Amino acid sequence: MEVMHENKYPLLSHARDPRLLTLRSLQTPQGRSRTGLYIIEGIRHLARAVEQNAVIEFVFLDASVLSNPFGQKLARRLRKRGVVGVRLSTQLYRHPTLASEPGVGAVARQQWIPLANVRVGRDSFWLAVESIESPGNLGTIIRTAEAAVVSGILMLDSESDPYDPAAVRASMGSLFSQELTRCAPHEFADWAKSCGVTVVGSSPAGLLDYKALRCRWPAALLIGSEKRGLSGHLAETADFVVRIPMRGGCDSINVSVAAGVLLFELCSQRRVR
């Protein structure tokens, strides 16, 4: 195996280096919005991003990762693609606004597909989310959506951020294989109507038990926020509003769990058609 000498990457040790400032800014929504970039942290996540041809601007790493055979292979693959890299001192890598443990990461470009470019096939299955406040919940939903083989994910507000570092980590690499679109609720409603997409909303107040639903395709599952659920406008957009019956003493479940239950129910119906 070729040895990946650490001196092939310049050492970044100054706290005011522009590249380090970029890394720190991407921990904030403002930095991600302003630059259109985001951070991928960890060998496993970065490897998945490379497999899915994510647009990577540069990599940053702790020198210790180059003693790992998998880390060497990954670094070599990135260098062959012409991706530049820098080494961070352990102290800088452990900066509280960066990763909690030294390793390898990258700055990548966000990938958004305009709603006008979203293709709707006969059996398309979309996930639409509104105001998911927890990045961890959003990342978990994205991971589950990949397992349920959705055609794409639509973000119906400006706050739900799939590129938040916590969402990226929680997605466990599923983010990089998904087609993402951001649009306003009224744009989503117009799109669904014009493309013949059946919209299935989720609410504890839904009139229909989710097991009783027989979905028409193409379809989109609509998930609302953890606290408020679906907004009134989006609830009116839905062709069906389903509920998940609660059997125990609680009256609700975590939004990512609810999304998982409904995604797999619809996935099973889609598969048997």
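## Aromatic pairs

The structure holds five aromatic pairs. Rings of Phe, Tyr and Trp (its six-membered ring) pair if their centres lie within 6.5 Å; planes under 30 degrees apart are stacked, over 60 edge-to-face, and the rest tilted. This is a predicted model: local features need pLDDT of at least 70, side-chain atom pairs count only at pLDDT 80 or more, and totals for chains, interfaces and linings use all residues. Residues are numbered from 1 along each chain as its sequence is written, and side-chain values use heavy atoms, with hydrogens and water left out.

Phe125 and Trp217 form an edge-to-face pair, 5.5 Å centre to centre, with 90° between the planes. This pair links distant parts of the chain, 92 residues apart. Phe125 lies in strand β6 (residues 125–129), and Trp217 in the loop between β10 (208–209) and β11 (219–223). Helices (H or I, at least four residues) and strands (E, at least two) are DSSP runs, numbered from the N terminus. Phe125 is buried, at 0% relative accessible area. Trp217 is buried too, at 11%. Buried means under 20% relative accessible area, exposed over 50%, and partly exposed in between (1.4 Å probe, protein chains only).

The rings of Trp126 and Trp191 have centres 5.9 Å apart and planes at 90°, so this pair is edge-to-face. Trp126 is in strand β6 and Trp191 in helix α8 (residues 185–195), 65 residues apart. Both Trp126 and Trp191 are buried. Elsewhere, ring pairs link Tyr38, Trp112 and Tyr163 into a cluster.

## Backbone exceptions

Most residues other than glycine have a negative phi, and most peptide bonds are trans. Trp217 and Pro218 are joined by a cis peptide bond, with omega about 0°. Pro218 sits in the loop between β10 and β11.

Asn53 is not a glycine, yet has a positive phi of about 60°. Asn53 falls in the loop between α3 (43–51) and β3, and is exposed at 55% relative accessible area. Val149 also has a positive phi of about 60° without being a glycine. Val149 belongs to the loop between α6 (135–147) and β7 (152–155). At 51% relative accessibility, Val149 is exposed.

## Sheet

Five strands form an open, mixed sheet in the order β1-β4-β3-β5-β2. Two strands pair if DSSP finds at least two bridges between them. β1 (11–12) and β2 (37–41) stand at the edges with a single partner strand each, so one side of each has no neighbour in the sheet. Strands β3 (residues 56–61) and β5 (residues 104–109) pair antiparallel over five bridges. Phe60 has Gly105 in β5 as its bridge partner.

## Cysteines

The whole structure has zero disulfides. A disulfide is a pair of cysteine sulfur atoms within 2.5 Å. Cys215 is in no disulfide; its nearest cysteine sulfur, that of Cys267, is 12 Å away. That is too far for a bond. Cys215 is buried at 10% relative accessibility, and Cys267 is buried at 10%.

## Largest pocket

The largest pocket has a volume of about 380 Å³. Its lining has 19 residues, with Ser202, Pro204, Ser252, Ile253 and Ala258 nearest the centre. By class, the lining has seven nonpolar, seven polar and five charged residues. Ala, Val, Leu, Ile, Met, Phe, Trp, Tyr, Cys and Pro count as nonpolar; Asp, Glu, Lys and Arg as charged; the others, Gly among them, as polar.

On a 1 Å grid over the protein atoms alone, a pocket is an open set of points with protein on both sides within 12 Å along at least five of seven lines; lining residues have an atom within 4 Å of a point. A volume is the space filled by probe spheres (1.4 Å probe) set on the points, which are joined across faces, edges and corners.
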